[in-house]
Amino acid sequence: MIVGLGNPGPAYEKTRHNIGAMVADGLVFSYGEKFTAHRKSGAEVATLRIGGDPVLVAKSRTYMNVTGRQIGPLAKYYGVAAEDVIVLHDELDIDFGQVRLKRGGGEGGHNGLRSLTAALGSRDYQRVRLGIGRPPGRQDPADFVLKPFPSADRAEVDLLIRNGADATELLVQQGLEAAQNVVHAW
């Protein structure tokens with residue numbers, strides 16, 4: 001199961017905090033599919049075949065800080081273990097435009113990850129970390145992530161979305177170590 005993190009609604013649609021949801025949207029769109037509401041969990045879901053394997057892509061329709069409320073029950077409904085979940089999320093500690101892959105680790109103040117960890121009962125999920133960089137000067141990181149990307153960065157954002165989707169496909173098809181060897185060389 002692939003989970004794109006973000007906040008619902010047009011006010012948050014193009015913000016840095018929503019880059020995980022943007023990558024999920026791009027991935028689903030590239031397969032010619034659309035999200036629909038899952039009746040039991042309330043999350044938005046789409047089913048893709050990546051490398052011949054069926055993969056559920058999901059986005060919570062709740063706010064980021066309570067993502068686990070919908071994603072936890074969705075994983076349970078489909079019997080998906082935490083280690084088989086791939087989370088797409090924004091990452092302040094990675095330069096803007098970079099993509100990094102890992103398994104487990106802390107939440108680093110990311111409330112969406114904290115909510116998922118609590119709901120899945122483990123930090124052992126895989127992560128596609130989408131670099132948004134650090135805020136300039138003394139800007140509060142919470143304000144920074146909720147601001148839209150500047151229009152001057154549009155081409156770089158589009159590239160980050162494509163690279164994030166490609167990295168996610170590699171992770172599904174080749175596993176973590178092989179995918180890291182490719183993605184971390186970009």
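Modeller: Before you start, one cut-off: buried means under 20% relative accessible area, exposed means over 50%, and partly exposed lies in between. Also, this is a predicted model.

Colleague: Thanks! So is Tyr-78 buried, exposed or partly exposed?

Modeller: Tyr-78 has 43% relative accessibility, so it falls in the partly exposed class.

Colleague: Let's talk about rings, then. How many aromatic pairs are there in the whole structure?

Modeller: Searching the whole structure gives 3 aromatic pairs. One of them joins Tyr-12 and Tyr-63 edge-to-face, with 5.9 Å centre to centre and 80° between the planes.

Colleague: Which parts does that Tyr-12 and Tyr-63 pair tie together?

Modeller: Tyr-12 sits in the loop between strand 1 (2-4) and helix 1 (19-30), while Tyr-63 sits in the loop between strand 4 (53-59) and helix 2 (68-78), so the pair links parts that are 51 residues apart in sequence.

Colleague: And how accessible is Tyr-63?

Modeller: Tyr-63 has 47% relative accessibility and is therefore partly exposed. Another aromatic pair is Tyr-77 with Tyr-78, also given as edge-to-face, at 4.9 Å centre to centre and 85° between the planes.

Colleague: Where does Lys-59 lie relative to Phe-35?

Modeller: Lys-59 is over the face of the Phe-35 ring, 4.5 Å from the ring centre.

Colleague: In which sense does strand 1 pair with strand 5?

Modeller: Strand 1 and strand 5 pair in the parallel sense, over 3 bridges. Within strand 5, Leu-88 is the bridge partner of Gly-4.

Colleague: And how many bridges join strand 5 to strand 7?

Modeller: Strand 5 and strand 7 (residues 126-131) run parallel and are joined by 6 bridges. Opposite Val-87 you'll find Arg-127 in strand 7.

Colleague: Last topic, Gly-112. Where is it found?

Modeller: Gly-112 belongs to helix 3 (residues 111-120). Its relative accessibility is 0%, so Gly-112 counts as buried.

Colleague: What is Gly-112 in contact with, leaving aside neighbours within four places in sequence?

Modeller: With those neighbours set aside, Gly-112 contacts Leu-5, Met-64 and Thr-67.

Colleague: How far apart are Gly-112 and Glu-156?

Modeller: From C-alpha to C-alpha, Gly-112 and Glu-156 are 24 Å apart in space, and 44 residues apart in sequence.

Conventions:
Residues are numbered from 1 along each chain as its sequence is written. This is a predicted model: local features need pLDDT of at least 70, side-chain atom pairs count only at pLDDT 80 or more; totals for chains, interfaces and linings use all residues. Side-chain values use heavy atoms; hydrogens and water are left out. Helices (H or I, at least four residues) and strands (E, at least two) are DSSP runs, numbered from the N terminus. Buried means under 20% relative accessible area, exposed over 50%, partly exposed in between (1.4 Å probe, protein chains only). Contact means heavy atoms within 4.5 Å. Rings of Phe, Tyr and Trp (its six-membered ring) pair if their centres lie within 6.5 Å; planes under 30 degrees apart count as stacked, over 60 as edge-to-face and the rest as tilted. A charge sits over a ring if NZ of Lys or CZ of Arg is within 6 Å of the ring centre and within 35 degrees of the ring normal. Two strands pair if DSSP finds at least two bridges between them.
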